[in-house]
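Reader: Could you walk me through the terms used for this model, please?
Author: Gladly, let us take them one by one.

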Amino acid sequence: MYRTGIEPPERVWWKKVGRHEKVWVWIAFAWCMVLFAMMPIWHLRGGQNPSGIRHRVDPADFQARVLEFVQEYQVGTDNGFPLVEPPPGGDVYLQASQFAWVPVVRLRQGAEYTLHLSSLDVNHGFSLYPLNINFQVVPGYDYGLRIVPNEPGEFHVMCNEFCGIGHHLMVGKIIVEPADAVADAEGGDR
Amino acid sequence: MNPFRKCPTTGLQVHRTADRLIKANAVAATVALLIGGIAAVLVLLTRWEVVLLLEAEMFYRMLTVHGMNMLIFFIIFFEMAVLYFASAVLLNARVPAGRLGWVAFVLMVLGTLMVEWTMWTGRADVLFTSYVPLRAHPLFYLGVILFAVGALTVVGHFFAIITIARREKAYEGSLPLVTYGALTAAAIAAVTLLHGAIIYIPTFLWSLDMMNVDPQVYRLVWWGLGHSSQQINVAAMVAIWYLLGALTVGAVVLNEKVSRTAFVLYVLFISMASAHHLLVDPGMGPSWKVWNTSYFMYMAVLASMIHGFTVPAGTELGMRLRGAAQGLFGWLKRAPWGDPGFSSLAFSIVVFGFVGGITGVTFGTEQINIIAHNTLRIPGHFHATVVSGTAMAFMGITYYVIPLIFRREIAFYRLAKIQPYLFAAGMLVFSMAMTFAGTFGVPRRHWDIGFSQALFRPEFSPAVNLIMGVMAVGGLVAIAGGAIYIVVTVTSVFFGRRMAADDSGLGATGRGLPPGITSPPRPLVPEDAEALKPSGRLGPVPGTMVLVFIFLVAFITYYFVNWMLLSFLWEVG
């Protein structure tokens, strides 16, 4: 005898489940296991994981590291911001603060870098346009992400975490030079 | 005066204090909905670049107002009404501490007023999440604390009503499923509101310069409130699905054990929900993220997939038992689509499942979150869950609460009948367009994606402008639906025609009443089950079987398409 959901059932309602209902529960369960397995599998086999190297960092220390980074590898300026070209395989520092990303960096296609993100004041959001790669930037934490830019071009870094009244002004830039162009230029120098 | 009145429609004994508390909380919810709705129009017309209505500062302020009023004040006031309804009314029980109920209500109103004052005067431009160290006026935090204490008191009161009802034998047997679902919502609310206290009390002290709050710890604990409270909404919504099904078409419960276990699964892993917002944060490692974002291996997703089957299956079986047994979908054809309660139920299930559920699970995957975090995909997801799902279900049940509790007919009933269609269609277009725009990287919570004043100016493809236009049109249609809801409910409650003390002549005079009131689904008799021949290989609910498999295929497709999109990106890790 069936009841609606607003009628009290008898005291013991632990009854046998119908076959078709049971089938659906097991299918749903199996799908949930697939959902769960995909994340560890991607850590082993996939190229995109938000793991990174994570440390606490004092905002003042991070700012000092950014300054050092800029002084060591600056090659010019872009729109008033220092333009910095770190060596492939090295560390890249990107500092978020109300309302700018410092500095502008130039990378090489196919090379691996460790991109350090942190904030000097409030939460910010690293959003690489037009690729749509997004990370949270939290003050007091250094998020070191290994990246391999796989295509050349000019990319913008939008802030996508509300950080105050000038949030929408906060745009930075990452330039990726094509792998062969870099090789040619180096060949010419020698 | 007898503290109880007998409901002529359902025969239930309704405690008059419960009546009044339900009314007060429902009215407060509607006021919050109105304020949040006005803010919604302003925010929408600003994000539509063609209009760009507000200045930046006012935009962020109105976004704060919209978030707080909709996600906190409207939803939680309404849920307080649901708790009183599911306990005192459905169990024939008395409200033991009426005065305490009013104290809680006053606390909640006081908290709301404090928060409203700080927001509207520009003292709390910190958005809904108020991430430390963005700073708001201390009264903003204190207001939230008072509101949470009030709500927590109602939750405690709810537990007391159920306990006393059981002891005084107000009902026979076990708790009805709807009350059981509300009970899980209340349990989740207790845990959630405690998270709220744990984070807002230190933050209040921080705003007075009395202590420090770590930004990452804030995000962790705050989302224990922010996301877990969406689980209150889900549990309350599913309880209302069962309630609406019962009232409109006499939906049955296929198996109490399955549905109840699914409700319990919501409660067990609730605090883990916070992880959904921290997947691309620097504070936690991969194993913490994988384990927590999956809610203990997706057991809460399993719960939703179970309800997504049992609710339509119960509706189908309830209708088949009453004679609508033709073919696969004869029951859907015969369903009362003109009943705003039923259409709300149907749209709530479909949009919540197909758009909200699928996108939510996909974006909540650790790695896929890289291409979703803080883009418009996120509000696209939660407008499909909490608005098209929860708010839609709450609107649907209102068309029954007005006659059953307020004892009024529904004003402008014709408008009320089309309201769910407008609201659901608008929200569907709106949330899908938002989700789609987010795949292009369009950020959420952003005043101007034209970057007219920025030093560097990324340019979105013209397709994005078009999608944002579609989003705006969908949003406006939904807002029209929301406006109709407010006009209909306010007019009905304050000026609607009073129903007779008994329901005599209801069928004749009840033009402003949903069919579930004027001609309720007939009670089932054992012969109904015998008359219904078990049909074919798809079992007793073949229509639902087909529907859930369509759902599964959509789910699998969307999920793996997102992995594919992710794999094209730069290697990162």
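Author: Two residues are in contact if their C-beta atoms, placed from the backbone, lie within 7 Å. By that rule, 78 residues of chain A are in contact with 88 residues of chain B. The model is predicted: local features need pLDDT of at least 70, side-chain atom pairs count only at pLDDT 80 or more, and totals for chains, interfaces and linings use all residues. Residues are numbered from 1 along each chain as its sequence is written, while chains are lettered from A and ligands numbered from 1 in the order in which they are written.

Reader: Which helix or strand gives the most to the side of chain A that touches chain B?
Author: H1(A) does, with 16 residues. Helices (H or I, at least four residues) and strands (E, at least two) are DSSP runs, numbered from the N terminus.

Reader: What makes E10(A) and strand E3 of chain B a pair?
Author: Strands pair if DSSP finds at least two bridges between them. E10(A) and E3(B) (residues 571-572) have two bridges, in the antiparallel sense, so they qualify as a pair. In E3(B), Val572(B) is the bridge partner of Ile147(A).

Reader: How are two packed helices described?
Author: By the angle between their axes and the distance between the axes. Axes are lines fitted to C-alpha atoms, for helices over the stretch in contact, and angles run from 0 to 180 degrees between N-to-C directions. For H8 (residues 256-268) and H10 (residues 295-321) of chain B, the axes come within 8 Å and cross at roughly 145°. Among the residues that meet there are Val258(B) and Leu265(B) in H8(B), and Met299(B) and Ile306(B) in H10(B).
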